[in-house]
Amino acid sequence: MSADLSVQLAPGNRRGLRLANPVMTASGTFGYGTEYGQLFDIQKLGAIVCKGATLEPREGNPQPRLVETACGVVNSIGLQNIGVRALIKEKAPVWAKWRVPVIVNIAGETVEEYRRLAVALDGVKGVSALEVNISCPNVKAGGAAFGADPQCASEVTAAVRSASSLPVIVKLTPNTGDIAAVAKAVADAGADAISLVNSFKAMAIDVKTRRPSLGSITGGLSGPAIKPVALAMVYEVAGAVGVPVIGCGGISSAGDALEFIMAGASAVQVGSASFLNPRASLDVLEGLEEFMQAEKVKSLKELIGAARE
Ligand SMILES: Cc1cc2nc3c(=O)[nH]c(=O)nc-3n(C[C@H](O)[C@H](O)[C@H](O)COP(=O)(O)O)c2cc1C
C-alpha cells in the first residue's frame, strides 16, 4: 500500500485546505502554473502558489532585477504582475479545471489594499486559499514593513481574515528581530497557517562598473544559501504556534524538504530551485515518496516534527 502524504493545512477553516501531498511551489518562482504545464504533470503537486497579485497591474522594479551569487540568487522583481482583475478573469477559470489547488499570493501597500484583494478573491472559482505576503523586500511601501512588526502583521491578518472565507496563510519575512513573535501575532489574528521564509534583504556590487548590480540597489536572497537559516526559523516558529507551518527557503531536494518537515513543517515550498530545474518540485515529491517507502513510513504525519521529539 502506498504511503499517505496528504495534509490538512487549514483545520480551523470551514472550507479547509487539504493537499494530496506536502509539496508546493513558492510564489514568484512558478508563474501562474500555466507556464509549466508543458514541462511536467503539475497536477501531481500538492499545491501551486501563484505570483504575488496586487490590486493594480505592476511593471516591477528597474532592470537588472536578478543577480546570481554563491549558492543563491538576489532578485528585485518588485511584484511585477497582471493585477487581481486580470488574474480573476484570465487565470482563475483555468485553475478551476485543475485537480491541484491554486493558492493566490497577495500583496498590498496598505491594510485596506490587502482587505480589498481578499474581498475580490473571495468565492472566485479556482482559488483555494490566500497567501498573504507581508514579506516582500523589494517594494517601497508595504511588503516586509508589515511583516517585521507583530502589531502591523496582526492588523493585516485580521483584515484579510474578516474579508474572506478562504483559508488564510500568512507568509513571514526573515528580516525581523523576533520571527516567533510575528508568527504568534498572526496566528492569534486568525491565520489558518503560516509560511516562511521569504527572501533575505541582500545586494551585490559589480566591481567593473562600481555600481550595485541591481537596478533597485538591494533585493532578496534566495536559494541553497538561505536553507540552514530558514530551517532554524521554521523550527522556532513551529514550536511557537499551534497552526500548520509551511517551510520554504533553499529547498531543492527531497532531503531538504525532509529537514523542514522534521523541523515541524506540515508542507514545503520549492522556490528558486525551479529556475535551475523546472521540475524540481516534482523531483522533491518523488524523492519524498521514495524515502517513505524505503523507511517504511506509512503516513507523512510520522515525519512532521520528528526532529523535535
Ligand atoms: C524571482 C522571485 C520572485 C518572487 N516573488 C515572490 C512573490 O511575488 N511573493 C512572495 O510572497 N514571494 C516571492 N518570492 C519569494 C519566494 O516565494 C520564496 O519565499 C523565496 O525565494 C525563498 O525560497 P527559495 O530559496 O526556495 O527560492 C520570490 C522569489 C524569487 C526568487
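Leaving out neighbours within four places in sequence, Ile179 is in contact with Leu172, Thr173, Pro174, Leu196, Val197, Met233, Glu236 and Val237, where contact means heavy atoms within 4.5 Å. This is a predicted model, in which local features need pLDDT of at least 70, side-chain atom pairs count only at pLDDT 80 or more, and totals for chains, interfaces and linings use all residues. Residues are numbered from 1 along each chain as its sequence is written, and side-chain values use heavy atoms, without hydrogens and water.

Is Ile179 buried or exposed? Ile179 counts as buried because its relative accessibility is 4%; buried means under 20% relative accessible area, exposed over 50%, and partly exposed in between, with a 1.4 Å probe and protein chains only.

Ile179 lies in helix α5. Helices here are DSSP runs of H or I with at least four residues, strands are runs of E with at least two, and both are numbered from the N terminus.

Next, the partner of α5. Helix α5, residues 179-188, packs against helix α6, residues 227-240, at about 40°, and the axes are 9 Å apart. Axes are lines fitted to C-alpha atoms over the stretch in contact, and angles run from 0 to 180 degrees between N-to-C directions. So α5 is oblique to α6: under 35 degrees is roughly parallel, over 145 roughly antiparallel, 65 to 115 roughly perpendicular, and the rest oblique.

Which residues meet? Ile179, Ala180, Ala183 and Lys184 in α5 meet Met233, Glu236, Val237 and Ala240 in α6.

Last, α9. Helix α9 covers residues 280-294, and Lys296, which follows α9, has a positive phi near 55°.

Note on methods: The expected span of a helix is 1.5 Å times one less than its number of residues.
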